[in-house]
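Here is my note on the model you sent. Please keep the sequence and the 3D view open while you read.

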Amino acid sequence: MDSINGLLGKSEQLSFIKVITFGTFDVFHVGHLNILERAAAMGNLIVGVSSDDLSFQKKGRYPVYNQNDRMRIVAALSCVEGVFLEQSLELKGDYIRNYAADILVMGDDWKGKFDNFSNTCKVVYLPRTPSISTTKIIEIVKSI
Ligand code: C2G
């Protein structure tokens, strides 16, 4: 309790709600930060950072930053409680159950793709931040 009239602070009100999200978070940018901050506003946030091999399977190229560096960057954010390595899309249900997540948050580029987990937890798709992506950043850097 942080108040004499019994009101709880935001972190205390949300501390029992567990939120999980997943992503590669390569060449970390403000679109990544926006979704993580919005997810963390719903509760304690844990992030599954895609392994280098899973990223290759998803995108057909290895990330610019390796999985250890990407995990360190995401783990260092004040809105993130913890990170783990996401090694397979097929294990998503296990990750959600192991963490006992109440809410799965994903960007709306994944809209509908994880609705099958709505029996296990609430599934929320948040709008992507427009006009920014790792792919675009790589293209810009290459063209300079
Ligand atoms: N994102 C966003 N706005 C952007 C770019 C990304 O909101 N402009 C969100 C994505 O929607 C995703 C998260 O940031 O929820 C991470 O994006 P990526 O690193 O591209 O993640 P992705 O490779 O799509 O991995 O299990 C699902 C995957 O691991 C998601």
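1. **What the model is.** This is a predicted model, in which local features need pLDDT of at least 70 and side-chain atom pairs count only at pLDDT 80 or more, while totals for chains, interfaces and linings use all residues. Residues are numbered from 1 along each chain as its sequence is written, and side-chain values use heavy atoms, with hydrogens and water left out.

2. **The chain.** The chain holds six helices and five strands. Helices (H or I, at least four residues) and strands (E, at least two) are DSSP runs, numbered from the N terminus. Read from the N terminus, the order is α-β-α-β-α-α-β-α-β-β-α. Of the 144 residues, 43% count as buried. Buried means under 20% relative accessible area, exposed over 50%, and partly exposed in between (1.4 Å probe, protein chains only).

3. **The shell around the ligand.** There are 21 residues around the ligand, and Thr 24, Lys 58, Lys 92, Asp 109 and Ile 132 come nearest. A residue is near a molecule if one of its heavy atoms lies within 4 Å of it. By class, the shell has seven nonpolar, eight polar and six charged residues. Here Ala, Val, Leu, Ile, Met, Phe, Trp, Tyr, Cys and Pro count as nonpolar, Asp, Glu, Lys and Arg as charged, and the others, Gly among them, as polar.

4. **Which elements supply it.** Strand 1 (18-23), helix 2 (30-40), helix 3 (52-59) and strand 4 (103-107) each give at least two shell residues. Helix 2 gives the most, with three.

5. **Polar atoms at the ligand.** The distance is 2.8 Å for Glu 86, 2.6 Å for Asp 109 and 2.9 Å for Trp 110. The protein covers 96% of the 630 Å² of accessible area that the ligand has on its own. Accessible areas come from the Shrake-Rupley method with a 1.4 Å probe.

6. **Asp 52.** Is Asp 52 buried or exposed? Asp 52 sits in helix 3 and counts as buried, because its relative accessibility is 18%. Its side chain joins that of Arg 70 through a polar contact of 2.6 Å. A polar contact is a pair of N or O atoms within 3.5 Å; within protein, one must be able to donate a hydrogen and the other to accept it, and residues adjacent in sequence count only if both atoms are side-chain atoms.

7. **Thr 21.** Thr 21 belongs to strand 1. Thr 21 is buried, at 2% relative accessible area. A polar atom of the Thr 21 side chain lies 2.5 Å from the backbone oxygen of Val 105.
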